[in-house]
Amino acid sequence: MKTNTILPPNASQLQRDIEAVSNERLLSLNVNLVRWMNNVDQCPADVLPWLAWAVSVDVWNNDWPDATKRAVIRDSIQVHKQKGTIGALRRALASFVFAEIRIQEWFEYGGEPFTFRVYAVLHEDGMSLADADLIYTSIMHTKNLRSHLDFFRPELETANNRPTYGVAFGHLETTTIYPGD
């Protein structure tokens, strides 16, 4: 049986074996993968970390749900185009699927010059300390270099009738829980 080869007729057995193994591996590659790599919605979930690396995603967590991973990748190019602006900061934080994001600059709340505050309304699930750390890192990578984060305040929002309480602990902080309406 004649096979297609690029080797000369006097090729050694080692060269023929290397070619056979190479051809076998090349034929087993999924050619659709190249097409999927340019489309974040069709890209297989196990390839998303490499796609994130390709578009320079600054903050990544393998434990995120696929929807969050895809949103972060989708927004990465636009975030990098606008990096250092409030718009880029909003877009980067919107990838984390908050119910609402509010960013206040120093002149809006009478703070020190070039400071800002971030308020994030969360759904019932809340967030872990690891998520808070990733959000902080995302803010630091996206903000204007001259600006300083005054504070980041996550707020829990729930739509059920049962009383729900959330508590945050920090160094030398006092947390007060008030009854809702």
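Colleague: In which strand is the place of Thr115?

Modeller: This is a predicted model, in which local features need pLDDT of at least 70, side-chain atom pairs count only at pLDDT 80 or more, and totals for chains, interfaces and linings use all residues. Residues are numbered from 1 along each chain as its sequence is written, and side-chain values use heavy atoms, with hydrogens and water left out. Strands are DSSP runs of E with at least two residues, helices are runs of H or I with at least four, and both are numbered from the N terminus. On that basis, the place of Thr115 is in strand β2.

Colleague: Is Thr115 buried or exposed, and which residues does Thr115 touch?

Modeller: Buried means under 20% relative accessible area, exposed means over 50%, and partly exposed lies in between, with a 1.4 Å probe and protein chains only. Because its relative accessible area is 13%, Thr115 is buried. Counting heavy atoms within 4.5 Å as a contact, and not counting residues up to four places away in sequence, Thr115 touches Gln104, Glu105, Trp106, Tyr109, His148 and Asp150.

Colleague: What is the phi of Phe114, which is not a glycine?

Modeller: Phe114 is placed in the loop between α6 (106-109) and β2 (115-122), and at 37% relative accessibility it counts as partly exposed. Most residues other than glycine have a negative phi. Phe114, although not a glycine, has a positive phi of about 65 degrees.

Colleague: Which residues are in contact with Ser147, leaving aside its neighbours within four places in sequence?

Modeller: Ser147 is found in the loop between α7 (129-142) and β3 (148-156). With a relative accessible area of 11%, Ser147 is buried. Leaving aside neighbours within four places in sequence, the residues in contact with Ser147 are Phe114 and Phe116.

Colleague: Where does Ser56 lie, and what is its phi?

Modeller: Ser56 lies in the loop between α3 (48-54) and α4. Its relative accessible area of 40% makes Ser56 partly exposed. Ser56 is not a glycine, yet its phi is positive, at about 60 degrees.

Colleague: How are α4 and α5 arranged, roughly parallel or roughly antiparallel?

Modeller: The axes, which are lines fitted to C-alpha atoms over the stretch in contact, with angles from 0 to 180 degrees between N-to-C directions, come within 8 Å for helix α4 (residues 66-82) and helix α5 (residues 86-94) and cross at roughly 160 degrees. Angles under 35 degrees count as roughly parallel, over 145 as roughly antiparallel, 65 to 115 as roughly perpendicular and the rest as oblique. The crossing angle therefore makes α4, relative to α5, roughly antiparallel.

Colleague: Which residues of α5 do Asp75, Gln78, Val79 and Gln82 in α4 meet?

Modeller: On the α4 side of this contact are Asp75, Gln78, Val79 and Gln82. Facing these residues from α5 are Gly87, Ala88, Arg91 and Ala92.

Colleague: How far apart in space are Asp66 and Asp46, C-alpha to C-alpha?

Modeller: Asp66 lies in helix α4 and, at 34% relative accessibility, counts as partly exposed. Leaving aside neighbours within four places in sequence, Asp66 is in contact with Ala45 and Leu48. Asp66 and Asp46 are 20 residues apart in sequence, and their C-alpha to C-alpha separation in space is 9.8 Å.

Colleague: Of the residues of the protein chain, what percentage count as buried?

Modeller: The protein chain has 7 helices and 3 strands, running α-α-α-α-α-β-α-β-α-β from the N terminus on. Of its 181 residues, the share that count as buried is 26%.
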